[in-house]
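I opened my notebook to record what I could look up in this structure, going from the overall chain to the details.

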Amino acid sequence: MKSAAVFVVFACLLIVHVQGQARTSVRRCSCQGPVANIVHPQRIDKVEIHPANASCENVEIIVTLKNGAGKKCLNPKSEFTQKYIKAALEKRTAA
């Protein structure tokens with residue numbers, strides 16, 4: 001009987017301990033596979049820049065295309081991407 005009571009108390013403490021732990025969000029890199037070096041600027045609707053972090057060591061630049069054509073990952077090291085981002089930042093600060 002005493003061992004059953006000890007087991008129940010131990011189980012309750014374990015449950016409280018497990019529930020109190022923070023969950024780690026498992027986010028992996030969004031850009032899997034090949035990335036585009038260039039996309040026609042007129043087709044771009046929105047740009048998302050995700051810096052490197054604990055769950056993905058790569059800088060990710062994801063463009064959403066107009067007319068529901070989907071999303072593409074841009075190569076952050078390509079000349080086109082660097083010029084496009086620089087121009088977008090300049091346009092944003094000028095406005």
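In what order do the elements of the protein chain run from the N terminus on? I read the order as α-β-β-β-α, and I note that I am working from a predicted model. My tally for the protein chain is two helices and three strands.

Next I looked up the totals for the chain. Of its 95 residues, 19% count as buried, and the accessible surface comes to about 7,900 Å², of which 59% belongs to carbon and sulfur atoms. Among the contacts with a separation of 6 or more, I find that 45% are between residues 24 or more positions apart.

I then turned to strand pairing. Strand E2, residues 60-65, runs antiparallel to strand E3, residues 71-74, and four bridges join the two. Within this pair I located Ile62, which stands opposite Cys73 in E3. E2 and E3 form a hairpin with five residues between them, and in the turn I noted Asn67, whose phi is positive at about 60 degrees.

Last, I looked at pockets. The largest pocket has a volume of about 230 Å³. Which element gives the most to its lining? I found that H2 does, with seven residues, while strand E1 (44-50) and helix H2 (79-94) each supply at least two. The lining residues include Val47, Ile49, Tyr84, Leu89, Lys91 and Arg92. By residue class, I recorded the lining of the largest pocket as seven nonpolar, no polar and two charged.

Technical notes
Residues numbered from 1 in each chain as written. Predicted model: local features only at pLDDT ≥ 70, side-chain atom pairs only at ≥ 80, totals over all residues. Heavy atoms only, no water. Pairing = 2+ DSSP bridges. 1 Å grid on protein atoms, 1.4 Å probe; cavity = no way out; pocket = protein on both sides within 12 Å on 5 of 7 lines; lining within 4 Å. Points joined across faces, edges and corners; volume = space filled by probe spheres on them. Nonpolar A, V, L, I, M, F, W, Y, C, P; charged D, E, K, R; others polar. Buried < 20%, exposed > 50% of the residue type's maximum accessible area, 1.4 Å probe, protein only. Contact = heavy atoms within 4.5 Å. Areas by Shrake-Rupley, 256 points an atom, 1.4 Å probe, with all protein chains shown as cover.
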